[in-house]
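Hi,

Here is the structure I promised to pass on. Have a look at it first, and then read on for my notes.

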Amino acid sequence: MAFKDLFRTKPISKILQQGGDGEHGGLHKVLSVRDLTFFGIAAIIGGGTFSAIGNACFTGGPGVILLYIICAIACGFTAMCYAEFASRVPVSGSAYTYAYVSFGELFAWIIGWALIMEYSIGNIYIAFSWSGYFTKLLESFHIHLPEWLTINYTEAHRNFLENKPGEGFNAWQNAPMLGSLRIIFDLPAVFINVIITYLVYRGTKESKNFSNAMVVVKLLIVLLVIVVGAFYIDIDNWTPFMPNSFSGVMAGVSAVFFAYIGFDAVSTLAEESKNPQRDLPKGMIYSLVICTVLYIILALVLTGMVSYTQLGVTDPLAEIFELKGVKWMLFIVSIAAVVAMTSVMLVFQLGQPRIWMTMSRDGLMPQKFSKIHPKYKTPGFATIVTGIVVGLPIFFTDETFVLDFTSIGTLFAFVLVCGGVLMLSPRSEEEEAESKTKGKFRIPYINSRFIFPVLIVIASGIVQYAFPNFFTDTFDFSGDALTTNVSMVAFFVLCIVMAVLAFVKQLSLIPLLGLVSCCYLLTGMAASNWMWFGAWLVIGLVIYFIYGRNNSKLNLTKS
């Protein structure tokens, strides 16, 4: 196999033939633009709203709203790139399919492998958060599960070794024994994974109706939280605005970005959409705008009600009302969290099997993953495997690791999607005319030749004025600052390179800004995140070279 074959691209015509009504057709087309918008909201408002927002506010203070805005801008540009691809390639597969069109097979595999981190591994974190709120809800009805059935083994063991009193320590002390092994696992997290897997296995229509109902409920309750919380705001809590400086704000990037992942899951539902080329872009962008407004208001309410120092908990919305003595809201918040995170799991669990289904069609995964259930019209085998992939790690991993792992993998996928739009050849006049007549989405072309270099200069001037020591500190490679500063210097180099390319190649501005903004968010990742992500990619590459490249349909066609 020649080296250049690793980067062979798949023609859009071939992808369209395989998907939709082509040789692998059969999925029910039941989703409208409203359904897709609701699926996007279902995915975005969940763990990021009811759990991760607490850690973000704890590290960044009220200034964390700046990070929400930065992430929203990055995701907005990325959403437009997803929408462009969804219009060109209206089939399942999301960023994996888009990478196959623009970068080639090897990058497509890497993205498909990285998306497992977003959808499957991300659901592990959601399952843990769901369990915490569900346990509180049970306790409000005086139903108490033993500690060894409400916490994961890893966290319980760590709490015991640190002699940290609480749920984990008690679980380790009181857990029943099976030989020399303590029986400790998060039963509610396992339970919800089984239920969601069953729902997704049964069909998209059933999942759609369930998801839409939950979205309405959780939007109403989030609005109630904002309205009630507004009466308890003390504006003194907003001072200092950035207690840990801007570096403290950026330290919450994993938690904040995790709040936004999910809007791209809408693109995996292309083949079940009634009019994907028109409705997918609208669904992604509508859901992103709605959720961004809610996040910013919610962050201001949280940091206004109590000091940011009290928000470093896994259930911040429940915590603030408990601190304020608003007991009746505790019950409502617990219900909202359970509903919200159930819908998130539903959307993520819908997305992952469709990624594997598409990879299987291309021969990069076993054929079994692309089989459509004859009765339910879903990728049944891939759905069951997804449930197993989510379910097994629940027994031995913990929330913090999963949160960081998921965010870095998703950002990496976003970078390649934006880069892919930059690399796609411009449409012909016939394609352009067709897109206008049929209502297909098209990113407006804005020549970045002069605009992007000027933006870089202006941004550098603003940073130097607002943070006089920023550039000096960035080139300090001693101590704990090494990882952050090396990644920041790499980002500077990227900006310079892209400014030159923008001038020479006259690149499109919007996908260019998406690529650069997502790369900036990657500078906030810790060294451990990069190490685990690197190890994950190595495992994926080994699987590709052992199985994928030999069974690729492009490889078989060539031979």
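His142 is exposed, with a relative accessible area of 69%. Keep in mind that this is a predicted model, so all of these numbers are computed from it. His142 sits in the loop between H6 and helix H7 (153-161), and its phi is near 65°, a positive value in a residue that isn't glycine. Asn163 has a positive phi too, about 55°, and is not a glycine either. You'll find Asn163 in the loop between H7 and helix H8 (167-174), where it counts as exposed at 56% relative accessibility. I flag these because most residues other than glycine have a negative phi, and most peptide bonds are trans. Pro240 belongs to the loop between helix H10 (204-230) and helix H11 (245-250).

As for the overall picture, the chain has 24 helices and 2 strands. Of its 559 residues, 57% are buried. If you take the contacts with a separation of 6 or more, 83% of them are between residues 24 or more positions apart.

On to charges. Side chains of opposite charge can pair when their charged atoms come close, and the structure holds 2 salt bridges. One joins Arg8 to Glu105, with the closest N and O atoms 3.4 Å apart. Arg8 lies in the segment before helix H1 (12-18) and Glu105 in helix H6 (residues 105-140), so this pair ties together parts that are 97 residues apart in sequence. Both Arg8 and Glu105 are buried. The other salt bridge is between Asp35 and Arg34, where the closest N and O atoms are 3.9 Å apart. Here Asp35 is buried, at 3% relative accessible area, whereas Arg34 counts as exposed at 54%.

There is also a charge over a ring: the charged end of Arg449 sits over the ring of Phe503, 4.6 Å from its centre.

What about the aromatics? The count comes to 22 aromatic pairs. Among them are Phe470 and Phe471, with ring centres 5.3 Å apart and planes at 80°, so that pair is edge-to-face. Phe470 is partly exposed, with a relative accessible area of 25%, and Phe471 is likewise partly exposed at 25%. Phe491 and Tyr520 have ring centres 5.5 Å apart and planes at 55°, so they make a tilted pair. This pair links distant parts of the chain, with Phe491 in helix H21 (residues 482-505) and Tyr520 in helix H22 (residues 509-522), 29 residues apart. Phe491 is buried at 12% relative accessible area, and Tyr520 is buried at 18%. Ring pairs also link Trp109, Trp113, Trp536, Tyr544 and Phe545 into a cluster.

Last, some helix packing. The axes of helix H19 (residues 451-466) and H22 come within 11 Å and cross at roughly 35°, and the crossing is right-handed. From the H19 side, Ile451, Phe452 and Leu455 meet Leu509, Leu512, Leu513 and Val516 of H22.

Cheers

Key
Residues are numbered from 1 along each chain as its sequence is written. This is a predicted model: local features need pLDDT of at least 70, side-chain atom pairs count only at pLDDT 80 or more; totals for chains, interfaces and linings use all residues. Side-chain values use heavy atoms; hydrogens and water are left out. A salt bridge is a side-chain nitrogen of Lys or Arg within 4 Å of a carboxyl oxygen of Asp or Glu. Helices (H or I, at least four residues) and strands (E, at least two) are DSSP runs, numbered from the N terminus. Buried means under 20% relative accessible area, exposed over 50%, partly exposed in between (1.4 Å probe, protein chains only). Rings of Phe, Tyr and Trp (its six-membered ring) pair if their centres lie within 6.5 Å; planes under 30 degrees apart count as stacked, over 60 as edge-to-face and the rest as tilted. A charge sits over a ring if NZ of Lys or CZ of Arg is within 6 Å of the ring centre and within 35 degrees of the ring normal. Axes are lines fitted to C-alpha atoms, for helices over the stretch in contact, and angles run from 0 to 180 degrees between N-to-C directions. A crossing is left-handed if the near helix is turned anticlockwise from the far one by less than a right angle, and right-handed if clockwise. Contact means heavy atoms within 4.5 Å.
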